[in-house]
Amino acid sequence: MFIVLSQTNPDPMYKQVSDQVRDAIARGDLKGGEKLPSIRELSRELDTSPITIKRSYSDLEGEGYIVTRSGLGSFVAELDREGLKREKAAEIRGQLASIVGAAARFGITAAEVREMIDTSKEELGG
């Protein structure tokens, strides 16, 4: 598993791990039923505390992204990808509403926001 932790990222380490695993599952890089590294293995690989990985796995399990089987380890849950897409779309709509509201308060038009989105999209290569 390819996870990168950054000391300069304002998010706590456990959240960085959770976010990257969640994103890998959403992208399909990690498939349903796939075994995840053990807490000890991943903590060694990332040079971080096992408590950090345990917290990440616990959060991911609570959100339904992974399942832990006693004595066997943690596995990617079988997820409804379309459901995940709908949830993420709703989250993005909320973020966009907040952005558009903030822009309006500073006199930035919706067209200017669209232009910013297009520019960001181009910069990301998509």
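Start by selecting aspartate 19 and arginine 22 in helix α1: they sit three residues apart, so about one helical turn separates them. In this predicted model, their side chains meet in a salt bridge, with 2.7 Å from N to O. Are these two residues buried or exposed? Both aspartate 19 and arginine 22 are buried.

Next, show the largest nonpolar core, which has 16 residues. Among those with the most contacts inside it are Val17, Val21, Ile25 and Leu30. Colour α1 (13-27), α2 (39-46) and α3 (50-62), the elements that each give two or more residues to this core. The largest share, four residues, comes from α1.

Move on to arginine 27 and aspartate 29, another salt bridge, where the closest N and O atoms are 2.7 Å apart. Here arginine 27 is exposed at 55% relative accessibility, while aspartate 29 is partly exposed at 48%.

Then jump to helix α4 (residues 81-105), where glutamate 91 and lysine 88 are three residues apart and so about one helical turn from each other. They form a salt bridge with the closest N and O atoms 3.3 Å apart. Glutamate 91 is partly exposed, at 41% relative accessible area, and lysine 88 is partly exposed too, at 40%. The whole structure holds seven salt bridges.

For the last stop, select Glu112, Glu115, Asp118, Glu122 and Glu123, which form a negative surface patch. Glutamate 123 belongs to helix α5 (residues 110-123) and is exposed, with a relative accessible area of 64%.

Note on methods
Residues are numbered from 1 along each chain as its sequence is written. This is a predicted model: local features need pLDDT of at least 70, side-chain atom pairs count only at pLDDT 80 or more; totals for chains, interfaces and linings use all residues. Side-chain values use heavy atoms; hydrogens and water are left out. Patches are made of residues with over 30% relative accessible area and no salt bridge: like charges are joined within 9 Å, nonpolar side chains (Val, Leu, Ile, Met, Phe, Trp, Tyr) within 5 Å. Accessible areas come from the Shrake-Rupley method with a 1.4 Å probe; for residues, only the protein chains shown count as cover. A salt bridge is a side-chain nitrogen of Lys or Arg within 4 Å of a carboxyl oxygen of Asp or Glu. Lys and Arg count as positive and Asp and Glu as negative; His and the chain ends are not counted. The place of a charge is taken as NZ of Lys, CZ of Arg, CG of Asp or CD of Glu. Buried means under 20% relative accessible area, exposed over 50%, partly exposed in between (1.4 Å probe, protein chains only). A nonpolar core is a set of buried Ala, Val, Leu, Ile, Met, Phe, Trp, Tyr and Cys residues joined through side-chain atoms within 4.5 Å.
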